[in-house]
Amino acid sequence: MNNEQQIAYRIKQYLNRGLDLDAGRLARLKAAREQALARQRVEARIPVVAWAGDVIGRSGGPSVLIPRMLLPMVALILGLIAVNYWRDSQLAAELEEIDAAVLTGDLPLDAYLDKGFDAWLKRSSY
C-alpha cells in the first residue's frame, strides 16, 4: 500500500468509528464528500470534451476551424476539379485526333461501317 492509500484507509476507519461527531463536522464532511463526487463526475467527462476541443481548437474556437479544416478541403476540391477538366480535355483531344485521322485517311467511310472491314474488302475487290 502506498502512502495515499494508507491515509485514505485511516480516514475511512475514523469515519466509521466516529459516529459521535458533532453536527458541524458532519455537515462539513458531507459538503466535502459532495464536492469530491461532483469533481469525480466532471473528470469522467473530460476526455470527450478535450477531444472536441482539440478538433475545434483550444485557443480560437470555431474561427480556428476555417484555416485548419476548410482551406485544405477547398484546395483538395479545386485540385480534383482541375484534374477532371484536364482529363476531359485530353480525352476530347484524342477523339478529335482519331476523327481527323479517319476522315483524312485513304479508306472511304464505307470501310468503317458496321459490316466491318472484311466485308468492304470483298465488295471492293469485284
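Which element gives the largest share of the nonpolar patch? Helix H1 does, with 3 residues.

## The model and its confidence

This is a predicted model, in which local features need pLDDT of at least 70, side-chain atom pairs count only at pLDDT 80 or more, and totals for chains, interfaces and linings use all residues. Residues are numbered from 1 along each chain as its sequence is written, and side-chain values use heavy atoms, with hydrogens and water left out.

The chain has a mean pLDDT (the predictor's confidence in each residue, from 0 to 100) of 75, and 64% of its residues reach 70 or more. Helix H3, residues 62-104, has the highest confidence at 86, while helix H2, residues 23-56, has the lowest, at a mean of 68. A word of care applies here: where pLDDT is low, the predicted coordinates should not be read in detail.

## Overall layout

You will find 4 helices and 0 strands in the chain, in the order α-α-α-α from the N terminus. Helices (H or I, at least four residues) and strands (E, at least two) are DSSP runs, numbered from the N terminus.

Of the 126 residues, 4% count as buried; buried means under 20% relative accessible area, exposed over 50%, and partly exposed in between (1.4 Å probe, protein chains only). The accessible surface of the chain is about 11500 Å², and carbon and sulfur atoms hold 63% of that. Such areas come from the Shrake-Rupley method with a 1.4 Å probe; for residues, only the protein chains shown count as cover.

Helix H1 covers residues 3-17, and its 15 residues reach 21 Å from first C-alpha to last, close to the 21 Å expected at 1.5 Å a residue. That expected span is 1.5 Å times one less than the number of residues.

Ile7, Ile11, Leu15, Leu26 and Leu29 make a nonpolar surface patch of about 410 Å². Patch residues have over 30% relative accessible area and no salt bridge; like charges are joined within 9 Å, and nonpolar side chains (Val, Leu, Ile, Met, Phe, Trp, Tyr) within 5 Å. H1 and H2 each supply at least two residues. Leu29 sits in H2 and is partly exposed, at 36% relative accessibility.

## The salt bridge

The whole structure holds 1 salt bridge, defined as a side-chain nitrogen of Lys or Arg within 4 Å of a carboxyl oxygen of Asp or Glu. Arg87 and Asp88 form this pair, at 3.5 Å from N to O. Asp88 is partly exposed at 37%, and Arg87 is partly exposed at 46%.
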